[in-house]
Amino acid sequence: MKIQVLGSSCPNCKNFYDSVCRLATDLGIIEQVSYINDIKEMIKMGIMTSPALLIDGKVVLSGSSCSEAVIRDALVTYLKTGIKNETTNTTTTCSVCSVV
């Protein structure tokens, strides 16, 4: 599993990254969470709003800061269904975040 947080390095994006790291650890996910703040790289990946959470290259959450509950749900959904499985297209919705 490859977990990435893309953000502009603003406090909001950094807090989002910290939350993802903490929740991944709490859930027993051993993969390292990488942080990408290169705007050109984000555009290449199709990310136009930040922060964004990608799991195995798929955008799971994007937009304004999400609560830790929403981030946890996104990680748990991946663990249960696996985003790699294209027949199971489960997304997490958030009234604050844009879900792609």
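I take helices and strands as DSSP runs, numbered from the N terminus. With that settled, I place Met-1 in the segment before β1. I keep in mind that this is a predicted model.

**Entry: Met-1**

I looked up how open Met-1 is. Its relative accessible area is 27%. I call Met-1 partly exposed, because that label covers values between 20% and 50%. Next I asked which residues Met-1 touches, leaving out those up to four places away in sequence. I found Ile-29, Glu-31, Ile-55, Asp-56, Tyr-78 and Leu-79. I also checked Met-1 against Ile-30. The two are 29 residues apart in sequence, and their C-alpha atoms are 9.1 Å apart in space.

**Entry: Asp-56**

Asp-56 is among the contacts of Met-1, so I turned to it next. I find Asp-56 in the loop between β3 and β4, the latter being residues 58–63. Its phi is near 50°. I note that this is a positive value in a residue other than glycine. The relative accessibility of Asp-56 is 22%, and I log it as partly exposed.

**Entry: Ser-9**

I noted a positive phi at Ser-9 as well, near 75°. Ser-9 is not a glycine either. Where does Ser-9 sit? I traced it to the loop between β1 (3–6) and α1 (11–26). Ser-9 has 25% relative accessibility, and I count it as partly exposed.

**Entry: Gln-4**

I moved to strand β1, where Gln-4 lies. Is Gln-4 buried or exposed? I read 6% relative accessibility, so Gln-4 counts as buried, the cut-off being under 20%. I then listed what Gln-4 touches, again skipping residues up to four places away in sequence. The list holds Ser-34, Ile-36, Met-45, Ala-52, Leu-53 and Leu-54.

I checked the peptide bond that joins Ser-50 and Pro-51. It is cis, with omega at about 5°. I place Pro-51 in the loop between α2 and β3, the strand at 52–55.

**Entry: a nonpolar patch**

Which residues make the nonpolar patch of about 330 Å²? I found Ile-39, Ile-43 and Met-48. I took Ile-43 for a closer look. Ile-43 lies in helix α2, which spans residues 39–44. I read a relative accessible area of 47% for Ile-43.

Conventions. Residues numbered from 1 in each chain as written. Predicted model: local features only at pLDDT ≥ 70, side-chain atom pairs only at ≥ 80, totals over all residues. Heavy atoms only, no water. Patch = residues over 30% accessible without salt bridge, like charges linked within 9 Å, V, L, I, M, F, W, Y side chains within 5 Å. Areas by Shrake-Rupley, 256 points an atom, 1.4 Å probe, with all protein chains shown as cover. Salt bridge = Lys/Arg side-chain N within 4 Å of Asp/Glu carboxyl O. Helix = DSSP H or I, 4+ residues; strand = E, 2+ residues; numbered from the N terminus. Buried < 20%, exposed > 50% of the residue type's maximum accessible area, 1.4 Å probe, protein only. Contact = heavy atoms within 4.5 Å.
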